[in-house]
Amino acid sequence: MQHSNALNRLNRLPIGRFHKVTLLAVSFAYFFEFADINTFATTAPKLIKLWGVTIDQVAYVTSMSFVGMFLGSIVASTMADRWGRKRALLVTTLWFGVFSFASVFSWDIVSLGVFRVLTSAGLAAMTVVAVIYVNELYPAAVRGKFQAYAIVIGICGTPATNLVASAVVPLNDWSWRLIYLWGALGILLVLFTRRLKESPRWYESRGDHAKADEVLREIEASVAAEKGPLSEPAPPVDEAPQTRAPLKLLLQKKYLIPTLLLTVLWVTQTIGFFGYSSWAPTLLAKEGFSVQKSVFYVALTTVGAPLGSYLAALVTDRFERKWCLAAFGTVIALCGLLYGLTFNPVLIVVFGFLVNMFERGYTALAYAYSPELFDTRGRSLGTGVSYGLGRLSNAAGPLIVASLYQGHGYRSVFYFIAGTWLFGAVALAVFGPLTRQARGATQKPRQEVVQVP
């Protein structure tokens, strides 16, 4: 049986320029994903004044955006399997950039809502593809760390957007449109096109071993030229080519259990995070803070986001990811609750800072953990479906938040968000599989040294 031994050949590579360029490209895509994902939240308080938008309309636009995310996630898994990881990454990033640009020209809340749904589909699709891409190109022993590094850089898009919004949105009656122009700059990922490699593991899964070997030789030659002779990879394991994974594949016990667990992970993360980030500026404004102050306070809290991703990079490959996720989720629940119990500006910023820091660490850990629960055949489908269901769940999240706020007040929103995070943390602690030993087992290179032609 033919083989190209992609997994073991990639696993024994030292980190070189190839990995760093790939990291930069993925981080760039993440930066503008995170920059774009909160643009509606930062402009909603202004639109309430300009267009007479109601809280319910904000909720509906936000809800429909998550329907778009669900559809994007499902389509992304098919695209990544059919077209390849690299091409899918480029197409999905271009998609969300184009429709973010279209949002600049929206003329009412309905047109803006349509453009945000289409943008959100691209944002979620890009995330699914990027997670799979990093998982398949980096050595198993460090892939979690580099996934987190990509988030460290990418998450800077959130505070950058909020700080830009705090300065630009209040300027005049049209300046809010510039925030969507900012989010559209992800289109510039095309500048990295020639520097990115297709995943050899994707080629191998399709039975195209010649193409997989060609790409592997290019990567190995690049790393060897920089780092010297490479160690011999572990012996290959013969695998039959994988056909396109049908949706019913996830009904098999091998795939069903991790899919259900990851669905809980992404449902609680989505409702918990977006319930907080999408509503914080609007709710603060409704509680008497000026639009400028509410956006500025939220901008300050998001400065903690890159630190959280860096914290995840420090712990993700040293400890079991499930325990890190459970710990981070519990801290987020506590800090989010305290955020909702105070109206002191300093405490709002402090607790908001901690929520953002640990949530972004949680997300970086989840991006590394999710694809590890599947083999190559089920990875794209399982990751896409579970992530998509998580995003779809938040179609109801904003409606719940709006109902709680109008029926029971500001603090009830944060009781709900804290409870959501705590439920996810307990589910991971009780049911989450351990993955650290499996990662270590794939990273035991043999000692022979070979020269790469």
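Select Trp 266 to start: this residue is buried, with a relative accessible area of 1% (buried means under 20%, exposed over 50% and partly exposed in between, with a 1.4 Å probe and protein chains only). The model is predicted, with local features needing pLDDT of at least 70, side-chain atom pairs counting only at pLDDT 80 or more, and totals for chains, interfaces and linings using all residues. Residues are numbered from 1 along each chain as its sequence is written, and side-chain values use heavy atoms, leaving out hydrogens and water.

Then go to Arg 12 and Glu 220, whose side chains form a salt bridge at 2.7 Å, N to O (a side-chain nitrogen of Lys or Arg within 4 Å of a carboxyl oxygen of Asp or Glu). Arg 12 and Glu 220 are both buried. Show Arg 9, Asp 213 and Arg 217 as well: with Arg 12 and Glu 220, they are linked in a network of salt bridges.

Lys 211 and Glu 214 make another salt bridge, with the closest N and O atoms 3.6 Å apart. Lys 211 is partly exposed at 30% relative accessibility, and Glu 214 is partly exposed at 39%.

Finish at Glu 372 and Arg 321, a salt bridge of 2.5 Å, N to O. Glu 372 is buried at 17% relative accessible area, and Arg 321 is buried at 0%.
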